[in-house]
Amino acid sequence: MKFTAKRIVVSGAVAGVAVVAAGATVIATAADPVSPEVVSAVPAEAGHENEGKYTTGDYVLDVHELDDDGEGLTTAIGPHTSYYSKTLHGTGNRQHTVVKFSAGVDGPVFFAFPVPAPGRVVDCVASGTEAAPQVRCETRLPAG
């Protein structure tokens, strides 16, 4: 096979497209990671069994409680608010498996945490800014 300048340019372009496509897949996957479950030694607040507790910072926090198909409930929580979700473990026959968070109205998901087993609750606290949001979540055992 004879290598010409045209073949080298075309081969380089094809290889470049393949690298960009592979890179886009990695970026898309890394943009929506699920954090490993963190179990706290501090028990949940009494009276909130099987609930999720979400405390917001200086921005509106969208909380998405979703099942494996990405279906579920989204709740927008105003700044400096604590919200208790009675739907953490799902509603009816739908069982939620992940809680995802986005900052502001219709912002992109920036953090995800697995829904704990029934009987346990999740306690998440948002901090940072809408431009650089952060959420810390812990699974808590029932109040003793």
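In what order do the 4 strands of the open sheet stand?

1. Residues are numbered from 1 along each chain as its sequence is written, and side-chain values use heavy atoms, with hydrogens and water left out.

2. The open sheet runs E3-E2-E5-E6, with antiparallel pairing (strands are DSSP runs of at least two residues, numbered from the N terminus; two strands pair if DSSP finds at least two bridges between them). Strand E3 (72-77) and E6 are the edge strands, each with a single partner, so one side of each has no neighbour in the sheet. From one strand to the next, the twist averages 20° (axes are lines fitted to C-alpha atoms, with angles from 0 to 180 degrees between N-to-C directions).

3. Between E2 and E3, the antiparallel pairing covers 6 bridges. Glu65 has Leu73, in E3, as its bridge partner.

4. The largest nonpolar core holds 17 residues, and Tyr54, Phe101, Val135 and Cys137 have the most contacts inside it (a core joins buried Ala, Val, Leu, Ile, Met, Phe, Trp, Tyr and Cys residues through side-chain atoms within 4.5 Å; buried means under 20% relative accessible area, with a 1.4 Å probe and protein chains only). Strands giving two or more residues to this core include E2 (61-66) and E8 (133-140).

5. A friendly word on confidence: the chain's mean pLDDT (the predictor's confidence in each residue, from 0 to 100) is 81, and 77% of its residues reach 70 or more. Over residues 5-30 the pLDDT is below 50. Where pLDDT is low, the predicted coordinates should not be read in detail.

Definitions and conventions: This is a predicted model: local features need pLDDT of at least 70, side-chain atom pairs count only at pLDDT 80 or more; totals for chains, interfaces and linings use all residues. Buried means under 20% relative accessible area, exposed over 50%, partly exposed in between (1.4 Å probe, protein chains only). Contact means heavy atoms within 4.5 Å.
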